[in-house]
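Please read the points below with the model open beside them.

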Amino acid sequence: MDRAGTYRTKMDRAGTDCTRMNYISTQICRLRKGHVIKMKVDVKEVKLEIYVPGEFIEEIRDALADRGIGRVGNYSHVVSYQETKGFWKPLEGSNPYQGEKGELCSGNEMKMEVRCPVERVKQAVQIIRKIHPYEEPLINVIPLCNDLLL
């Protein structure tokens with residue numbers, strides 16, 4: 001542990017500029033001037049971030065849970081959400097759920113987060129798109145490396 005109280009990897013003590021968490025989460029770590037090392041990580045789960053109107057959260061949650069998505073240990077239906085504000089501008093050819101073509105719009109929506117096994121990501125995205133009211137739903141798929149820390 002250094003003076004700032006940060007744990008560092010052997011790579012850091014050898015003169016790199018990466019902390020342990022950055023090294024694990026980015027999988028690519030800059031050493032000195034253009035040298036990189038790559039770390040292969042066997043990702044078993046991802047986090048799905050879904051931006052959706054609040055009235056669709058329960059329907060999406062339940063449909064995902066029916067397929068085993070949103071499980072943590074002996075718990076199912078594990079989902080979190082928080083209110084957020086979004087901006088968008090529907091372009092020509094769009095069919096907006098809310099707002100007018102050519103106008104910058106804003107509104108409140110929910111960011112829904114749920115864990116998903118990697119092998120079920122395509123199925124999860126199909127389920128979400130089937131229920132989600134937006135023409136182009138915003139769904140982020142984020143690799144989780146939690147098992148590396150256990």
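1. Strand β4 (residues 79-88) supplies the largest share of the lining of the largest pocket, 3 residues. Strands here are DSSP runs (E, at least two residues), as helices are (H or I, at least four), numbered from the N terminus. A pocket is defined on a 1 Å grid over the protein atoms alone, as an open set of points where a 1.4 Å probe fits, with protein on both sides within 12 Å along at least five of seven lines; lining residues have an atom within 4 Å of a point.

2. This is a predicted model, in which local features need pLDDT of at least 70 and side-chain atom pairs count only at pLDDT 80 or more, while totals for chains, interfaces and linings use all residues. Residues are numbered from 1 along each chain as its sequence is written, and side-chain values use heavy atoms, with hydrogens and water left out.

3. The volume of the largest pocket is about 390 Å³, taken as the space filled by probe spheres set on the points, which are joined across faces, edges and corners. Its lining has 17 residues, and Trp88, Pro96, Tyr134, Glu135 and Glu136 lie nearest the centre. By type, the lining splits into 9 nonpolar, 4 polar and 4 charged residues. Nonpolar covers Ala, Val, Leu, Ile, Met, Phe, Trp, Tyr, Cys and Pro; charged covers Asp, Glu, Lys and Arg; the others, Gly among them, are polar.

4. How many salt bridges does the structure hold? There are 7, counting a side-chain nitrogen of Lys or Arg within 4 Å of a carboxyl oxygen of Asp or Glu. One of them joins Glu45 and Arg115, with the closest N and O atoms 3.5 Å apart. Because Glu45 lies in strand β3 (residues 45-52) and Arg115 in strand β5 (residues 105-117), this pair ties together parts that are 70 residues apart in sequence. Glu45 is partly exposed at 23% relative accessibility, and Arg115 is partly exposed at 28%. The cut-offs are under 20% relative accessible area for buried, over 50% for exposed, and partly exposed in between (1.4 Å probe, protein chains only).

5. Glu49 and Lys47 form a salt bridge at 3.8 Å, N to O. Glu49 is buried at 10% relative accessibility, whereas Lys47 is partly exposed at 24%. Both belong to a salt-bridge network that also links Lys111 and Glu113.

6. Lys44 pairs with Asp42 in a further salt bridge, the closest N and O atoms being 3.9 Å apart. Lys44 is partly exposed at 47%; Asp42 is exposed at 55%.

7. The model has 0 disulfides, a disulfide being a pair of cysteine sulfur atoms within 2.5 Å. Cys105 is buried, with a relative accessible area of 10%, and Cys145 is buried at 12%.

8. Tyr51 sits in strand β3 and is buried, with a relative accessible area of 17%. Leaving out residues up to four places away in sequence, Tyr51 touches Thr84, Glu109, Met110, Lys111, His132, Tyr134, Leu138 and Asn140, contact meaning heavy atoms within 4.5 Å. Tyr51 and Glu113 are 62 residues apart in sequence, with 9.0 Å between their C-alpha atoms.

9. Is Ser94 buried or exposed? Ser94 lies in the loop between β4 and β5 and is buried, at 17% relative accessible area. Again not counting residues up to four places away in sequence, Ser94 touches Lys101 and Glu135.
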